[in-house]
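Please look through the sequence and the model first, and then read on.

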Amino acid sequence: MHGDSSVSQAGFDAVVVGAGIVGTACADEFARRGLRVALVDREGVGSGATSAAMGHIVVMDDSAAQFALTRYSQQLWQRLRAELPDDVEYEERGTIWVAADEEEMMEVRRKHAYYGERGVPTEVLDAKALRRLEPNLRQGLVGGLRVPEDVVVYPPCAARFLTERAQRHGAELRVGCSVTQAEAGRVGLSDGSEIFTGIIVNAAGVWAPELTPGIGIKKRKGHLVITDRHPGFMRHQLVELGYLKSAHKVSADSVAFNVQPRRGGELLIGSSRQYGAEGKEVEEAMLERMLRRAQEYMPGLGELPAVRAWAGFRAATDDKLPLIGPWPGDRSVFLATGHEGLGITTSLGTARILADQITGAKPEIAVEPYWPSRAVQ
Ligand SMILES: Cc1cc2nc3c(=O)[nH]c(=O)nc-3n(C[C@H](O)[C@H](O)[C@H](O)COP(=O)(O)OP(=O)(O)OC[C@H]3O[C@@H](n4cnc5c(N)ncnc54)[C@H](O)[C@@H]3O)c2cc1C
């Protein structure tokens, strides 16, 4: 993607730092509401965590606030569907949360009730129904929960689509230039230029604390592997219910069975979570653990050649909720970061509720749980 290298230095209503899925969604939402927006990224559109992600648009219920934002965002993706170009690969695959034992089956029933009470359709599967839907899962699993409205997208193209739509509404894009300072209505760039603005949105993902010191987020590394094409091997995104245990751990390294069929027949195999790993390199030991776990659930995966592996970083907060809203201490700075493993899902909801707060519109969900004031370090 080529940026407009001639961002005028005239005033903007808002400068969004970071053109990942979150920053591009914010730029798009602001521009469509008539704000004059500049979107700045030092590398390119979707070059951070966004290009490392699986693209699972998934409703999660770790907390009421997480449920509210993931479900709201999923509905926004559903509304956007008709406009999305083909390369965004929007597919309503549905998720199956796989239960390996009776304890996990109890979690299936709890989730079924919770989602049902809140209008999210789900279906409880017994062992037979699970095998009928996904015959390549191993024998002996006890059942699962199918969530048919969960979706798969291709995140880099989604970010590109949002950028282009923002540009059609007047947003200016500048890539290849680092933001070196972002405070008090002034955005300094690495080429020595500066932009003056009423609002700065720090959507720099795991790098957000470099611009706004004191933001309580940590890097959480994750690996993925993609296989060759095997159309028909599986139909749903399959996730072990143990994933919830692994995603919620706040310390040790963990892996979980989480596999997604892509439109072209490739299988995307995840996932791992690590704190304290700074380098982006693929770590063989982590990869092996992850693939072993995947094969415990789907033995046939071991026979499919992997073509590529990579790693990226999630921006994790202590309470597992993103940071969306005003940053205490600088009236010009707003945050849109800390989305951990759900930023593709929650990007659209994030943009909506941030734009609501900035323009004084009434948000459709409560915004207080995401306020950054709770995570000042
Ligand atoms: C392995 C893995 C799998 C995942 N799977 C899923 C999934 O299935 N579903 C889901 O919902 N989420 C998933 N996620 C999480 C998701 O990828 C992130 O939450 C999301 O991409 C965050 O987007 P972002 O825009 O906040 O950050 P990023 O995409 O990281 O964007 C930040 C941008 O800021 C730019 N930037 C940083 N500092 C500066 C600066 N000083 N000046 C200019 N630009 C700057 C960077 O270049 C970058 O482009 C996954 C993440 C990983 C790592």
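## Terms and basis

Helices (H or I, at least four residues) and strands (E, at least two) are DSSP runs, numbered from the N terminus, and two strands pair if DSSP finds at least two bridges between them. This is a predicted model, in which local features need pLDDT of at least 70 and side-chain atom pairs count only at pLDDT 80 or more, while totals for chains, interfaces and linings use all residues. Residues are numbered from 1 along each chain as its sequence is written, and side-chain values use heavy atoms, with hydrogens and water left out.

## A hairpin

Strand β17 (residues 323-326) pairs with strand β18 (residues 333-337) in the antiparallel sense, over four bridges, and L323 stands opposite T337 in β18. The two strands, β17 and β18, form a hairpin with six residues between them, and in its turn G329 has a positive phi of about 100°.

A polar backbone atom of E340 is 2.8 Å from an oxygen atom of the ligand, and a backbone N or O atom of L342 lies 3.4 Å from a ligand oxygen atom. The ligand, taken alone, exposes 1000 Å², of which the protein buries 96% (accessible areas by the Shrake-Rupley method with a 1.4 Å probe).

## Backbone exceptions

Most residues other than glycine have a negative phi, and most peptide bonds are trans. A184, although not a glycine, has a positive phi of about 50°, and A184 is found in the loop between β9 (179-183) and β10 (186-189). The peptide bond from G270 to S271 is cis, with omega near -10°, and S271 is found in strand β15.

Terms used. A polar contact is a pair of N or O atoms within 3.5 Å; within protein, one must be able to donate a hydrogen and the other to accept it, and residues adjacent in sequence count only if both atoms are side-chain atoms.
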